[in-house]
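Good morning, and thank you for coming.

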Amino acid sequence: KIELFSSTVAPAQPPYRMAPKELVELRKQLNELLDAELIQPSKAPYGALVLFQKKQDGTMRMCIDYRELNKTTINNKYPTPLVQDLMKRLSKACWFTKLDLRAGYWLARIAEGDEPKTTCVTRYGSSEFLLMPLGQTNAPATFCNLMNNVLFDYLDDFVVVYLDDIVIYSRTLEEHVNHLSLVLSQLKKYTLYVTMEKCEFAQQEIKFLGHLVSKNQVRMDPNKVQAIVD
């Protein structure tokens, strides 16, 4: 749900100008979102800007600039977990599995009636999201709430969650297989799926939130430290 301050005037801006290559990519990605039923055409008075960010592999990520909408949104104060607390939980385990949820924030449905507030404007018209888009100020809190509800029975027992990253931790391999089965069954129950190529199963060391986590040990990722030094 996107709750706005009562005096809010719908924020709207004209679309950014884009290079021909960006327009081709924009049309492609908009069609993909429409086909996947993630967006629908909109006539709402709202209008967030759309721009592209080049990814490391050379492809372009479509981003929605919700800064003006965020200024008028009442913040959801649901807490995100403290990294130190998560690391403390992991420090006494020996086996780890890291799961990455497929589609991330798009797993949460926009509250009925609030879809127009997510409207973005482009050269090809206005579109509103049916599922929670990146960039909306309350997206992290909403997602934390969702994941905590789904995995509540296992949290801090053998599971920690940070946004769309799930880590299962255990003392023995036999115990770990059982824990993994329980978590996967729970995700399936709620129709949540993982991106297999981004997952790590039954490892004795993983990278998580800028740390290397291994048997009875948590330390900073040397690559992150070197980046700061440089």
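How far apart do the C-alpha centres of domain 1 and domain 2 lie? They lie 29 Å apart. This is a predicted model, in which local features need pLDDT of at least 70 and side-chain atom pairs count only at pLDDT 80 or more, while totals for chains, interfaces and linings use all residues. Residues are numbered from 1 along each chain as its sequence is written, and side-chain values use heavy atoms, with hydrogens and water left out.

The chain is divided into domain 1 (20–76 + 113–129) and domain 2 (83–107 + 136–227), with bounds that come from an automatic or database domain assignment. To the contact between them, domain 1 gives 10 residues and domain 2 gives 6 residues, where contact means heavy atoms within 4.5 Å. The two domains bury about 670 Å² between them, 59% of it on carbon and sulfur atoms. Buried area here is the accessible area (1.4 Å probe) that two parts lose on being put together, summed over both. On the domain 1 side, Leu 38, Asn 70 and Asn 76 lose the most area to domain 2, together 52% of what that side buries.

I turn to the largest pocket. Its volume is about 970 Å³, taken as the space filled by probe spheres set on grid points, which are joined across faces, edges and corners. A pocket is an open set of points on a 1 Å grid over the protein atoms alone, where a 1.4 Å probe fits, with protein on both sides within 12 Å along at least five of seven lines; lining residues have an atom within 4 Å of a point. Of the 27 lining residues, Lys 55, Arg 61, Ala 103, Trp 106 and Leu 134 are the closest to the centre. Strand β3 gives the most to this lining, with 5 residues. Domain 1 and domain 2 each supply at least three residues to the lining.

Finally, the salt bridges. A salt bridge is a side-chain nitrogen of Lys or Arg within 4 Å of a carboxyl oxygen of Asp or Glu. The count by this rule comes to 8, with 0 between domain 1 and domain 2. One of them joins the side chains of Glu 200 and Lys 98 (3.6 Å, N to O). Glu 200 lies in strand β9 (residues 200–203) and Lys 98 in strand β4 (residues 95–100), so this pair ties together parts that are 102 residues apart in sequence. Strands are DSSP runs (E, at least two residues), numbered from the N terminus.

Technical notes:
Helices (H or I, at least four residues) and strands (E, at least two) are DSSP runs, numbered from the N terminus.
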